[in-house]
Structure formats: C-alpha cells, structure tokens
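I am opening a notebook on this chain, and I want to write down carefully what I looked up and in what order.

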Amino acid sequence: MSASPEEAGKFRVRLKVSDYEAILGHARAELPNEACGLLGGRLDGDVKTVEKVYLTSNVDASREHFSIDPREQLAAVKDMRANGLVPLGNFHSHPESPARPSKEDIHLAHDPNASYLILSFAEENPVIKAFRVENEIPYQETLEIEQAGE
Ligand SMILES: [Zn+2]
C-alpha cells in the first residue's frame, strides 16, 4: 500500500523563528553529538503550531543516536499540560548525516501522529525537515518557519 501525496502531507508544522533558533543553538552546543528535544503546541485540524520547544539532554551522548532524558521528558509533558499544550513530536540533530530519518529513527518512531524534526549539519548550512512515520515509512511534512505574529 502506498500513500498518495495528499496523504503523505498529513500535517503542516509551523515553527517560530525564535524556536528554530533555540533548536539550532542547542544543536550547535551539543556538537559533535546529536541534540534532542520536545515540541509542545496546538493541533488545529491538520496544522500543528509549535508554541514551546523543550531542549533536553541526549543521555546517549552519541554522534549517531539519541535518547531523550526520561525525567526531562516527564517534566516537559507536565509543563505542556499546565500550559494547555499538547505534545506534537520531537526534534533531534544529525551532526554528519542528511536531514532524513535513519533506519533507527524510523524503527523508534512509534507514534504516527508525531512530527519528527531533524536538523542536519551535513551541509554547509543547517537544514531542518519534518517527518512523520507510519508503518515504518517516513513521509516528509511541510515545515513553515515564521516570524511571531504571522
Ligand atoms: Zn536521527
């Protein structure tokens, strides 16, 4: 079974420039290792609006793997609930490989409704892309990085 292009783009993900810059800064600070974090926000139809980014520790401290610190994850989810936000997905960086899910990323992506953002430093300029993964197949989502208030 293959998804149509319409189905592939199930969600549109909106990210504020300031949150993108926070992700970028965190990922640069963690180099040469992968950095990771969580995305909280609002889901309105097929539009996901990221309202808050949680910069977490990669307990694997690895260039090729990441595991979000479970205590930081719990604290982030509690904070989302307290602020009326829902978990939208997570992000991690690829210090040396392209902005697409690795085999391991795909295997570990259990939630078909989650958005997985990947920030790559493999090229001269950082590249960030959003994916969702369903039945171990990654689909790229539309990612819009926009100024606050737009
Ligand atoms: Zn990865």
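**Entry 1: the end of the sheet.** I began with β6 and β7, which pair in the antiparallel sense over five bridges; two strands count as paired if DSSP finds at least two bridges between them. Helices (H or I, at least four residues) and strands (E, at least two) are DSSP runs, numbered from the N terminus. Within this pair I found R132 standing opposite Y139 in β7. The hairpin of β6 and β7 has two residues between the strands, and N135 takes a positive phi near 50° there.

I noted two points about the source before going on. Residues are numbered from 1 along each chain as its sequence is written. This is a predicted model, in which local features need pLDDT of at least 70 and side-chain atom pairs count only at pLDDT 80 or more, while totals for chains, interfaces and linings use all residues.

**Entry 2: back along the sheet.** Next I looked at β5 and β6, which pair in the antiparallel sense over five bridges, and I saw that a hairpin joins them through six residues. Y116 stands opposite F131 in β6. In what sense do β4 and β5 pair? They pair in the parallel sense, over six bridges, with S93 opposite L119 in β5. Strand β2 (residues 36-44) and strand β4 (residues 86-94) are antiparallel partners over six bridges, and C36 stands opposite H92 in β4. I reminded myself that strands of a sheet pair through backbone hydrogen bonds, either parallel or antiparallel.

I then asked what the strands make up together, and found a closed barrel of seven strands that runs β1-β3-β2-β4-β5-β6-β7, with mixed pairing. Neighbouring strands of this sheet are turned by 35° against each other on average, direction ignored; the axes are lines fitted to C-alpha atoms, for helices over the stretch in contact, and angles run from 0 to 180 degrees between N-to-C directions.

**Entry 3: buried or exposed.** I used one rule here: a residue is buried if 20 or more other C-beta atoms lie within 10 Å of its own, exposed if 12 or fewer, and partly exposed in between, with C-beta atoms placed from the backbone. Five of the six residues of β5 are buried, so this strand is largely enclosed by the rest of the structure. K129 lies in strand β6 and is partly exposed, because it has 19 other C-beta atoms within 10 Å. Which residues does K129 touch, not counting those up to four places away in sequence? The list is A99, R100, I118, Q140 and L143, where contact means that the C-beta atoms, placed from the backbone, lie within 7 Å. The C-alpha atoms of K129 and L119 are separated by 6.7 Å, and these residues are ten apart along the chain.

I also looked up N113, in the loop between α4 (103-108) and β5 (115-120). N113 is partly exposed, because 13 other C-beta atoms lie within 10 Å. N113 and R132 are 19 residues apart in sequence, yet 6.9 Å apart in space, C-alpha to C-alpha.

**Entry 4: the helices.** Helix α2 (residues 17-30) has 14 residues, which at 1.5 Å a residue should span 20 Å, and its end C-alpha atoms are 20 Å apart, in agreement; the expected span is 1.5 Å times one less than the number of residues. In α2, I found D19, Y20, I23, A27 and E30 buried. These residues cover an arc of only 105° around the axis, which puts them on the same side of α2; the arc is that of the directions from the helix axis to the C-beta atoms. The face turned away from the buried side carries the exposed residues V17, S18, E21, G25 and A29. Helix α2 lies across β1 (12-16), β2, β3 (47-56), β4, β5, β6 (127-134) and β7 (137-146), running at about 30° to β3.

Just after α3, G84 takes a positive phi of about 70°.

**Entry 5: the whole chain.** From the N terminus on, the elements run α-β-α-β-β-α-β-α-β-β-β. Buried residues make up 32% of the 150 residues in the chain.

Note on methods:
Contact = placed C-beta atoms within 7 Å.
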